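Dear colleague,

Please find below the structure that I am handing over to you. My findings follow directly after it.

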Amino acid sequence: MASLTVELEDTAREFAEGQAKARGYSDVGQYIAYLVAEAMEREVSPELEALLVEGLESGPRIEAGPEFWDALRAEAGLVVRESSR
C-alpha cells in the first residue's frame with residue numbers, strides 16, 4: 001500500500017481528527033482512506049453512464065412492479081432449466 005502526505009490547516013486537521021475519533025477510526029489516516037474509498041464508489045464511470053443512457057433510450061418505458069419481477073424470474077428459471085438439459 002502506498003503512502004500519501006497531506007498538509008492541512010490546523011482547523012481542518014482538528015476537524016478530521018475529531019471526525020475520525022467520533023466515527024471510531026484509530027487514526028486520521030484510516031478516516032481519510034474511508035472518505036477517498038467512499039468518493040470512488042460514488043463516481044460513475046463514463047462507460048456505465050453511457051450504458052445507462054442507452055438503456056433509457058432503448059425503447060418505451062415499462063412498469064417494473066411485482067408482476068414484472070415474478071414473470072422475469074419465471075422466464076429465467078425456464079432458461080436455466082433448458083440450458084441444464
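Glu38 counts as partly exposed, because its relative accessibility is 29%; here buried means under 20% relative accessible area, exposed over 50%, and partly exposed in between (1.4 Å probe, protein chains only). Glu38 forms a salt bridge with Arg42, and the closest N and O atoms of the pair are 3.4 Å apart. The term salt bridge stands for a side-chain nitrogen of Lys or Arg within 4 Å of a carboxyl oxygen of Asp or Glu. Arg42 is exposed, at a relative accessible area of 57%. Glu38 and Arg42 are four residues apart in helix H2, so about one helical turn separates them. Helices (H or I, at least four residues) and strands (E, at least two) are DSSP runs, numbered from the N terminus.

Please note that this is a predicted model, in which local features need pLDDT of at least 70 and side-chain atom pairs count only at pLDDT 80 or more, while totals for chains, interfaces and linings use all residues. Residues are numbered from 1 along each chain as its sequence is written, and side-chain values use heavy atoms, with hydrogens and water left out.

Salt bridges

How many salt bridges does a search of the whole structure find? The search finds three. In general, side chains of opposite charge can pair when their charged atoms come close.

Besides the pair in helix H2, a salt bridge joins the side chains of Glu17 and Arg13, at 3.1 Å from N to O. Both belong to helix H1 (residues 10-22), and because they are four residues apart there, about one helical turn lies between them. Glu17 is partly exposed at 36% relative accessibility, and Arg13 is partly exposed at 35%.

Asp70 and Arg73 form a further salt bridge, with 3.2 Å between the closest N and O atoms. Helix H4 (residues 66-83) holds both Asp70 and Arg73, which are three residues apart, about one turn of the helix. Asp70 is partly exposed, with a relative accessible area of 47%, whereas Arg73 is exposed, with 56%.

The chain as a whole

The chain has four helices and zero strands, and its elements run α-α-α-α from the N terminus on. The radius of gyration of the chain is 23 Å, well over the 12 Å that the globule rule gives for 85 residues, so the chain is more spread out than a compact globule. This radius is taken over C-alpha atoms, and the globule rule is 2.2 Å times the number of residues to the power 0.38. Along its principal axes, the C-alpha trace spans about 65 × 30 × 30 Å.

Of the 85 residues, 7% count as buried. The chain exposes about 8000 Å², of which carbon and sulfur atoms supply 58%; accessible areas come from the Shrake-Rupley method with a 1.4 Å probe, and for residues only the protein chains shown count as cover.

Surface patch and individual residues

Ile32, Tyr34, Leu35, Val36 and Met40 make a nonpolar surface patch of about 430 Å². Patches consist of residues with over 30% relative accessible area and no salt bridge, like charges being joined within 9 Å and nonpolar side chains (Val, Leu, Ile, Met, Phe, Trp, Tyr) within 5 Å. Leu35 lies in helix H2 (residues 28-42) and counts as partly exposed at 33% relative accessibility.

Ala22 is placed in helix H1 and is exposed, with a relative accessible area of 66%. From Ala22 to Trp69 the separation is 47 residues in sequence and 42 Å in space, C-alpha to C-alpha.

Gly77, in helix H4, counts as buried at 18% relative accessibility. Gly77 and Gly59 are 18 residues apart in sequence and 25 Å apart in space, C-alpha to C-alpha.
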